[in-house]
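The sequence and structure come next.

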Amino acid sequence: MWYREAVMNPADRDLFLQFLWTRDETDSIDTPGKLKDWLTGLGMLDGDEAVTEDDVRLARHFRAAAREMCVANSGYPLDPRTHSAIEELNARAPLKVTAGPAGGLQVEPGGSGVPRALARFLAIAYRATVEGEFGRFKACQGCGWAYYDESKNGSKKWCAMGLCGTRAKMKAYRERKKAGAQEGPGG
């Protein structure tokens, strides 16, 4: 198989992952105050901009949609609600195509406030898709955590081999051993 180096900007990759990781045991964006602090801390929102419950809902729905796309990249069907979440974000902060500083075209977020900040994540995902990199954003088959697959052939299935991968392999081993024991001697 032909191998090419990843072309995605590592800062964009990490920023997109930070957004996907805003929910684990706690939710970092589930109130207007938390969402504002998180986006302001990243320099994506001015501290004087208002953040509403509707902005929180939009952010949570778009995060769920982005995570669902990672699940789909891992070989599972795409949740149909993904389309409406992306359409809503595009309606509030449409992506726009502009001329790049060195020529060529680039995509940028439109809109203002929280929708514009969220559209920046959508722009990152779009650029990753155009560059052939978005398929490397996946969801761990063990714990569901989103990760970027940096393996040479893009076949990684777990966020961490030493944790989820080991658990999955041990479970498969135990199931094979149990099935062999149930068959009895001589198979």
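**Cysteines, confidence and packing**

The disulfide count is 0, a disulfide being a pair of cysteine sulfur atoms within 2.5 Å. Such a link is a covalent bond between the sulfur atoms of two cysteines. Cys70 is buried, at a relative accessible area of 1%. Cys143 is partly exposed, at 47%. Here buried means under 20% relative accessible area, exposed means over 50%, and partly exposed lies in between (1.4 Å probe, protein chains only).

This is a predicted model, in which local features need pLDDT of at least 70, side-chain atom pairs count only at pLDDT 80 or more, and totals for chains, interfaces and linings use all residues. Residues are numbered from 1 along each chain as its sequence is written, and side-chain values use heavy atoms, with hydrogens and water left out.

How confident is the predictor? The pLDDT, its confidence in each residue from 0 to 100, averages 86 over the protein chain. A score of at least 70 is reached by 80% of the residues. Among the elements, helix α2 (residues 32-41) has the highest mean pLDDT, 97. Helix α6 (residues 161-183) has the lowest, 61. Where pLDDT is low, the predicted coordinates should not be read in detail.

Now the layout. The protein chain holds 6 helices and 4 strands. Both are DSSP runs numbered from the N terminus: helices are H or I with at least four residues, strands are E with at least two. From the N terminus, the order is α-α-α-α-β-β-α-β-β-α. Of the 187 residues, 35% count as buried.

Which helices pack with axes within 10 Å? Helix α3 (residues 53-73) and helix α5 (residues 113-130) do, crossing at roughly 10°. Axes are lines fitted to C-alpha atoms, for helices over the stretch in contact, and angles run from 0 to 180 degrees between N-to-C directions. The two helices are therefore roughly parallel to each other, the term for angles under 35 degrees. From α3, the contact uses Asp55, Leu58, Ala59 and Phe62. From α5 come Val114, Pro115, Leu118, Phe121 and Leu122. Contact means heavy atoms within 4.5 Å. By class, this contact has 8 nonpolar, no polar and 1 charged residues.

Finish at the loop between α3 and α4 (81-92), where Gly75 sits. Gly75 is exposed, at 63% relative accessibility. Gly75 and Lys157 are 82 residues apart in sequence, yet their C-alpha atoms lie 9.9 Å apart.

Key. pLDDT is the predictor's confidence in each residue, from 0 to 100. Angles under 35 degrees count as roughly parallel, over 145 as roughly antiparallel, 65 to 115 as roughly perpendicular and the rest as oblique. Ala, Val, Leu, Ile, Met, Phe, Trp, Tyr, Cys and Pro count as nonpolar, Asp, Glu, Lys and Arg as charged, and the others, Gly among them, as polar.
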